[in-house]
Amino acid sequence: MALHCLAAVARCCRVQPLPLSSAAAGLPAVQAALISGKTMRGGPKSWIKEPWPYKERPYRGLKSFFDTTRSRWDENTRLIVVEGPPAAGKEVVARALAEEFEMQYMPAASGDLVYINDYGYDLRQLNDKLPHKLKLLQIDDFLKNPYDSRMGSFQINWFEFKLSQYIDALAHLMNTGQGVVMNKCVLSDFVYMEAMCNAGFVSRGVRSVYREIAQQCMPFLQRPHLVVYLDIPVAEVQKRIKARARPNEVGSPALTDQFLQSLEATYKESWLKSISEHSEVLTYDVSQETIVEHMVDDIEKLNFEQYGFQTDKMSDWNRKSDDEWDACRTQYTNYKDHLMHNMLVPRFDVPELMAEQEDMKVFYELYHETAPGQKYRFGFNPSMGDSVLFKLGDGGKYRDTTKY
Amino acid sequence: MAQRVTCCHAAAAVMFQGGEEDDHPYVRVLETPAPERPLLARYLQPISWGGIGFASAFVFNLFARKPPLAGIQRHIALGGIGWVAGLYINKWIESNSAERDAVLKHYIQLHPEDFPVPERKKYSEILQPWSPLR
């Protein structure tokens, strides 16, 4: 179904010379080296191969005979996720790690990323004309009124964006060989839904639908190599929120102690426990100070290839042959919509998530027909000045982190 | 009866051999040359299949979220492929019909006693005498 590409035609595996440690563990050919940072190395890293221009050229079919996925991978081709409660300093840490290890940084979900289309038109301008239930919401709306009945669909839309972004991160990693550092990812998004439900912001029906969607989408995603969890107590979180004084966060009815405690509890008891079965988890207490150099030192000591087939650790990354990696890469690069369609769960029992027919018609007309650049795919909108008569192909920019 | 049928099929491939059996009036009538058919009838298959190919490009663009006439090369190419496919389909249909007609004509020739030419009567021989008196 969604992973039709993994039922690949039988081709013989390409054999590469094995480093000694991998051969001892019986693992396929992967370089056994540790992440190296700029400071320790003393200079910028050298790349094995030119990155595949996956944003312009598709990767599928016979190209896998000419371009192996793992030919671009080196010790820094890792997926790192930085997690933590609000105001923990995730962005600072993630950016610093990305710069140190020369990896790509992927920002957290924000209204700008979600709602500005490929032509630069901000879709939030349509909010005045959209019906109430279908307005385009952002985190600010959650902070202003968390008990709004639209919070359920807002959270699911945010999940959709995060899923899209995670798939893009994996596609980037596989096509270019450059690692990715993410600021919060889709795999931990459920902690927010749990906290919101426990605090009474959304109903249990919404949470049930969300759980079903997450359950459908998760099996197709590679879990990260490393999770860096920034731990601060709830009191410290509240202090920092007051200190940085973002206009919507201070005095918000959403960021109660109970909500933040529930968030922390779910993070630690549920998310970190389950993800530590696969990924390396580094937890840092950053309530006093955040020293990124210590984190870099710890990360540089991690050996991701030491695990064999007896454990689940790194099992998403060490068990595939070359052909399976090529198929995986094809899936994430070109058939992203198949993965996004896993979200289409037939749950019609939660009224907050359903919209009226008349409202949907208004929404469709505004969002998909009349808004500039929305009617057709990028590169094919005559109203935006694209000349279209002789144009074949994908339009030259067939993916970005907000649309699918 | 059964023997006749098998005989007919076996002889289907046999074309005109010459001789008296060829000259049945029915066959003579069936073999008169047909008038030139209108263009639409002659080119129905190429036009239809070319039209289907052309229209399929619109469907393709619809599913790909593109304007209907984007990539006109695709419309032309699919229309061309449909046109050629129509020509070959037409040829196949015509050859099937021709084979069937040849089989039937040969059957008529082989069994002329089953296809008697009906006696033509004039109305003068059928109508009874009548005087217009009421």
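Q: How many salt bridges are there between chain A and chain B?
A: Keep in mind that we're looking at a predicted model here. To score one, you'd need a side-chain nitrogen of Lys or Arg within 4 Å of a carboxyl oxygen of Asp or Glu. Between chain A and chain B, the count comes to 0.

Q: Which classes of residue make up the side of chain A that touches chain B?
A: Let's sort that side of chain A by class. It has 3 charged residues and 2 polar ones. The rest of the tally is nonpolar, with a count of 7.

Q: How many residue pairs are in polar contact across the interface of chain A and chain B?
A: For this one, N or O atoms have to sit within 3.5 Å of each other. Both residues also need pLDDT 80 or more. Across the interface of chain A and chain B, the number of pairs is 8.

Q: How much area do chain A and chain B bury between them?
A: Start with who touches whom: 12 residues of chain A are in contact with 11 residues of chain B. Carbon and sulfur atoms account for 59% of the buried area. The total buried between the two chains is about 1000 Å².

Definitions and conventions. Residues numbered from 1 in each chain as written. Chains lettered and ligands numbered in written order. Predicted model: local features only at pLDDT ≥ 70, side-chain atom pairs only at ≥ 80, totals over all residues. Heavy atoms only, no water. Contact = heavy atoms within 4.5 Å. Buried area = accessible area lost by both parts, 1.4 Å probe. Polar contact = N/O pair within 3.5 Å; in protein donor to acceptor, adjacent residues only side chain to side chain. Nonpolar A, V, L, I, M, F, W, Y, C, P; charged D, E, K, R; others polar.
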